[in-house]
Amino acid sequence: MASLLRLHALSLTLTSPRRLSSRILRSTSPASPLARRLSAAASPEQRASETDLESGLYLVATPIGNLEDITLRALRVLKCAHVILSEDTRHSGKLLQHYNIKTPLLSFHKFNEREREPSILKRLHEGEAVAVISDAGTPGISDPGMELARICASEKIPVIPIPGPSAAIAALSASGLPTDEFTFVGFLPKHGRSRKARLDVSAHEAATQIFYVPPHGIHQFLSDAASSFGDSRPCVIAREITKLHEEFWRGTLGEANEAFAIRQPKGEITVLIEGNSISADETPSDDFLEHELKELMAEGHALSSAVKLVAEATSAKKKDVYALALRVFGK
């Protein structure tokens, strides 16, 4: 009996370390909470190197509707920056809360960016990492950030883009219109004559034209666009991109005017209009140039202004357009 007990004790001595060893290996596997705590406690230098940001201005693109459309790099920058400049802190706060980001927010919009710039530049010169976000999309593209980026670049402060969502590019990619060449116009000027002049220039360009339009201004925009581009010009109206009620309406400007006359869409709208089919290398006829000059002058443009706009919108040389204008309209 004593012999059996000694043998059993010896068996336990030999097998227990292996069982204990396997339990330790399982408990310290990368997926376990214990392993994560041990790793976090054991390598503070490594953690610091992974989270610290170099000083500079970070232009961080954020989702235009769907919160899943944010990059891992954008999340890391927003978590590690010293401060986040936000167009609307209440709106951006929802995004940060969703991803449990605690970085302080500072309002930065078109009404206070001039006032904020000196203090922001001071922080950047002192070595801080400053992130900029807009309500949606890429900062500086029809949103605050352009002027601050320009100043930082002129003062040799690093400006780092963190690319991501953009309504213009998303709409263009799915529009079905030519994507090899395009012009991003953004929001049109508010003044009627300036709006008309800009649309007239766009109407003669061969590239696809991209506009941002507020929902309350879609009816006026479509009416003005049809006047400049013609009712038969193909267009795409993209609305609520990446959201639940995403819509891509396709047709001509004339059809768009009819379709949206009884609709009041919600949300920001991106309108894309197909470029002019006339080759940019084709020299316009005198009759065409005369017609364009007459239209612009009838709208109140001076002769010199009309000549400049027509020359910019066509392949005709300015001196030739001016000579034609003098022959037709005199001085």
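Trainee: Is Phe-229 buried or exposed?

Mentor: This is a predicted model, in which local features need pLDDT of at least 70, side-chain atom pairs count only at pLDDT 80 or more, and totals for chains, interfaces and linings use all residues. Residues are numbered from 1 along each chain as its sequence is written, and side-chain values use heavy atoms, with hydrogens and water left out. Buried means under 20% relative accessible area, exposed over 50%, and partly exposed in between, with a 1.4 Å probe and protein chains only. The relative accessibility of Phe-229 is 8%, so Phe-229 counts as buried.

Trainee: What kind of aromatic pair do Phe-211 and Phe-229 form?

Mentor: A pair of aromatic rings is described by the distance of the centres and the angle of the planes. Rings of Phe, Tyr and Trp (its six-membered ring) pair if their centres lie within 6.5 Å; planes under 30 degrees apart count as stacked, over 60 as edge-to-face and the rest as tilted. At 0% relative accessibility, Phe-211 is buried. The centres of Phe-211 and Phe-229 are 6.5 Å apart and the planes stand at 90 degrees, so the pair is edge-to-face.

Trainee: How many aromatic pairs are found in the whole structure, and what is the angle between the planes of Phe-184 and Tyr-212?

Mentor: A search of the whole structure gives five aromatic pairs. Phe-184 and Tyr-212 make an edge-to-face pair with 5.0 Å from centre to centre. This pair links distant parts of the chain, with Phe-184 in strand β6 (residues 182-186) and Tyr-212 in strand β7, 28 residues apart; strands (E, at least two residues) and helices (H or I, at least four) are DSSP runs, numbered from the N terminus. The angle between the planes of Phe-184 and Tyr-212 is 75 degrees.

Trainee: Which strands stand at the edges of the open sheet?

Mentor: The sheet has five strands in the order β6-β7-β10-β8-β9, with mixed pairing; two strands pair if DSSP finds at least two bridges between them. An edge strand has a single partner, so one side of it is left without a neighbour in the sheet. The edge strands are β6 and β9 (247-252).

Trainee: Which residue in β10 stands opposite Ile-210?

Mentor: β7 and strand β10 (residues 269-273) pair in the antiparallel sense over five bridges. The residue opposite Ile-210 in β10 is Leu-272.

Trainee: Which side chain is joined to that of Gln-209 by a polar contact?

Mentor: Gln-209 lies in strand β7 (residues 208-213) and is buried, at 0% relative accessibility. A polar contact is a pair of N or O atoms within 3.5 Å; within protein, one must be able to donate a hydrogen and the other to accept it, and residues adjacent in sequence count only if both atoms are side-chain atoms. The side chain of Gln-209 reaches the backbone oxygen of Ala-207 at 2.9 Å. Its side-chain partner, at 2.9 Å, is Ser-202.
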